[in-house]
Amino acid sequence: MFLNVGTSSFTQFLSTAAPDLLPGRRPLPPGSASALAPHATTIVALTTADGVVMAGDRRGTMGNLISSRDIRKVHPADEYSLVGFAGTAGIALEMVRLFQVELEHYEKIEGAMLSLDGKANRLAAMIRGNLGAAMQGLAVIPLFAGFDLAATDPARAGRIFSFDVAGGPYEETGYDGIGSGSLFAKAALKKRYRPGLSADEAIRIAVEALYDAADDDSATGGPDLSRRIYPVVMTATAEGTNRLPDAEAAAVAEAVVAARMENPGG
Amino acid sequence: MAMQFYASPEQIMRDRSELARKGIARGRSAVTLSYEGGVLFVAENLSSALHKVSEIYDRIAFAAVGRYNEFENLRRAGVRMADTIGLSFDRRDVTGRALANAYAQTLGAIFTEQSKPFEVEICVAEVGSTPEADELYRITYDGSVNDEPGRMAMGGQAEAVTGALREEHRLDMSLNDAVRLAVRALGSVGGEGGAPRTIAASQLEVAILDRRRVGRTFRRITGAALVTLLNGAPATADGGEAAPADPKPPAPGPDKPAESAGSADLEGKEKPTGGGKSGNGKDKPK
């Protein structure tokens, strides 16, 4: 089964060789499953002068309960792109893993990376494949951002794509957020975002936006100073993807909290 | 009335072996060897796009000689198998031994069942935490598989090349020494009147599995970095992503694993060596 000529797409290979490994292909019993599985929420992304920044809070919820205080929702998709997710955590983690393998697989088979638009389209196809589950309450919405190696102007190399349950992708200008707290996070970003931000400024603004989301949305967690759990912040630039080390994320989060002690509204 | 000719099974196998051996011997050679910082692959290859050496998985690579379309098919199959195992279990559960066995089964079946065997010889190498832990498997056209001791040569006049390797190869060689030894071994055959040849950098395909990296360890060494290595100046282990038009991404640093949602436990940890501190780090600028 591995020797068929086939395509360079790993999901297309799996759909014939091992369809049980693909999320979205499994028959679901009738009824809504939305209350059964943990949900993940707010992710924000914004473009900077040299790429993109993506940040996500750490809370997973199940109904009115907090199911996880330190879930990680922002992941590198490959060397130059990031993916964050909101929605049913179990399916989303599986989809992120599959997406990472999909991109790496293409790169190994073809000896070249997919274009950034190609990556976004593959992710859209995966989300569309999950439509049945989404209609039964197990929706996953990703946010995809990356550094476009084909961009001629480095200031426009950072690009962000959003999706809905039916797929996408929709390219966003400047910034975007997903998840239950995104309403508040995007409102904060709208006031603070400007083109050409430095990476440090953008990281601060992203963490502030997550703070604002946590302020007004119960499913979004703020920086947990007592347990030392801070937002996951990642960047994608010409040098590749990078996760902000815990110490630096802590410093930013603590600075934001300290500033809110003076002025709770930011 | 059609005449049925009888051919004994021994004769059929002999004929197929001969066909495969001849096909392989026509091609240029490739060398794989362990050195202090990883596993080195050097192949004589006039094309810079059609590779003889490729990445299979995090710590596993593939080198082949013979017919391109046949080993390319095997390479794709290996990548698919590795990615399938890695997705359904974990990245650490993909092993060179499993791949070598799968290749042996495939090639063995093709050799006995099809009218023409694959004219290929392949090497599956997995880099370990120490040179002694490296695994090099040679799989031949008939499906036989051998565990090689730290070095191997394939292709035309492989025995002569292996002989040249055996004399000088040591597991604690530096990358510089290893590359120069491999090129010398490849050049020791095929010269006019038995004289050694000089092989230009543009005719070489060089890649390594870097022992000290976490995540994906496969790197190609091309362009200026390769020339520097061949000329003997000290070079860097992650030397040559070189060719600027190459769409391959730059190497992730040793502190930046190619992490995945499924193997978050790899993050922020030292790579699982038994050896503690990573060597003398002399070929690893930081």
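This is a predicted model: local features need pLDDT of at least 70, side-chain atom pairs count only at pLDDT 80 or more; totals for chains, interfaces and linings use all residues.
Helix 1 of chain A and helix 2 of chain A are roughly perpendicular to each other, because their axes cross at roughly 110°, and angles of 65 to 115 degrees count as roughly perpendicular.

**Helix 1 of chain A against its two partners**

- The axes of helix 1 and helix 2 of chain A come within 8 Å, and the contact is formed by A:F10, A:T11 and A:L14 on the side of helix 1, with A:L98, A:V101, A:E102 and A:H105 on the side of helix 2.
- By residue class, this contact of helix 1 of chain A with helix 2 of chain A consists of four nonpolar, two polar and one charged.
- Helix 1 of chain A, which covers residues 10-17, also meets helix 2 of chain B, residues 68-88, where the two axes come within 11 Å and cross at roughly 80°.
- Helix 1 of chain A and helix 2 of chain B are therefore roughly perpendicular to each other.

**Helix 2 of chain A**

- Helix 2 of chain A runs over residues 89-110, and because its 22 residues should span 32 Å at 1.5 Å a residue, the 31 Å between its end C-alpha atoms agrees with that expectation.
- This helix is mostly covered, with 16 of its 22 residues buried, and after the helix comes A:G111, whose phi is positive, near 75°.

**Helix 5 of chain B**

- Helix 5 of chain B, residues 175-187, reaches 18 Å from its first C-alpha to its last, close to the 18 Å expected for its 13 residues at 1.5 Å a residue.
- Of those 13 residues, 10 are buried, and the helix is mostly covered; among the buried ones are B:L175, B:A178, B:L181, B:A182 and B:A185.
- The cover over the buried residues of helix 5 of chain B includes helix 4 (158-168) and helix 6 (223-231), together with strand 1 (30-35), strand 2, strand 9 (204-210) and strand 10 (218-221) of chain B.

**Chain B as a whole**

- Chain B contains six helices and 10 strands, and 52% of its 286 residues count as buried.
- Among the contacts in chain B with a separation of 6 or more, 67% are accounted for by residues 24 or more positions apart.

**A buried loop residue of chain B**

- B:N45 is located in the loop between strand 2 (38-44) and strand 3 (53-57) of chain B, and this residue counts as buried because its relative accessibility is 8%, where the cut-off is under 20%.
- The side chain of B:N45 reaches the backbone oxygen of B:L50 at 2.8 Å.
- Beyond its neighbours within four places in sequence, B:N45 is in contact with B:L50, B:H51 and B:K52 and also with B:S202, B:Q203, B:L204 and B:E205.
- The C-alpha atom of B:N45 is separated by 9.9 Å from that of B:A201, although the two residues are 156 residues apart along the chain.

**Buried residues of chain A**

- A:S81 belongs to strand 7 of chain A, residues 81-88, and counts as buried at 0% relative accessibility.
- The side chain of A:S81 makes a polar contact of 2.7 Å with the side chain of A:D78, and, not counting residues up to four places away in sequence, A:S81 touches residues including A:H75, A:L103, A:F144 and A:T241.
- A:D176 is found in strand 11 of chain A, residues 175-178, and is buried, with a relative accessible area of 4%.
- The side chains of A:D176 and A:K186 are joined by a polar contact of 3.2 Å; not counting residues up to four places away in sequence, A:D176 also touches residues including A:I43, A:L143, A:I160 and A:L189.
- A:A188 lies in helix 5 of chain A, residues 182-192, and is buried, with a relative accessible area of 13%.
- Leaving aside its neighbours within four places in sequence, A:A188 is in contact with A:A209 and A:D212, and the C-alpha atoms of A:A188 and A:A209, 21 residues apart along the chain, are separated by 5.4 Å.

Definitions and conventions: Residues are numbered from 1 along each chain as its sequence is written. Chains are lettered from A and ligands numbered from 1 in the order in which they are written. Side-chain values use heavy atoms; hydrogens and water are left out. Helices (H or I, at least four residues) and strands (E, at least two) are DSSP runs, numbered from the N terminus. The expected span of a helix is 1.5 Å times one less than its number of residues. Buried means under 20% relative accessible area, exposed over 50%, partly exposed in between (1.4 Å probe, protein chains only). Axes are lines fitted to C-alpha atoms, for helices over the stretch in contact, and angles run from 0 to 180 degrees between N-to-C directions. Angles under 35 degrees count as roughly parallel, over 145 as roughly antiparallel, 65 to 115 as roughly perpendicular and the rest as oblique. Contact means heavy atoms within 4.5 Å. A polar contact is a pair of N or O atoms within 3.5 Å; within protein, one must be able to donate a hydrogen and the other to accept it, and residues adjacent in sequence count only if both atoms are side-chain atoms. Ala, Val, Leu, Ile, Met, Phe, Trp, Tyr, Cys and Pro count as nonpolar, Asp, Glu, Lys and Arg as charged, and the others, Gly among them, as polar.
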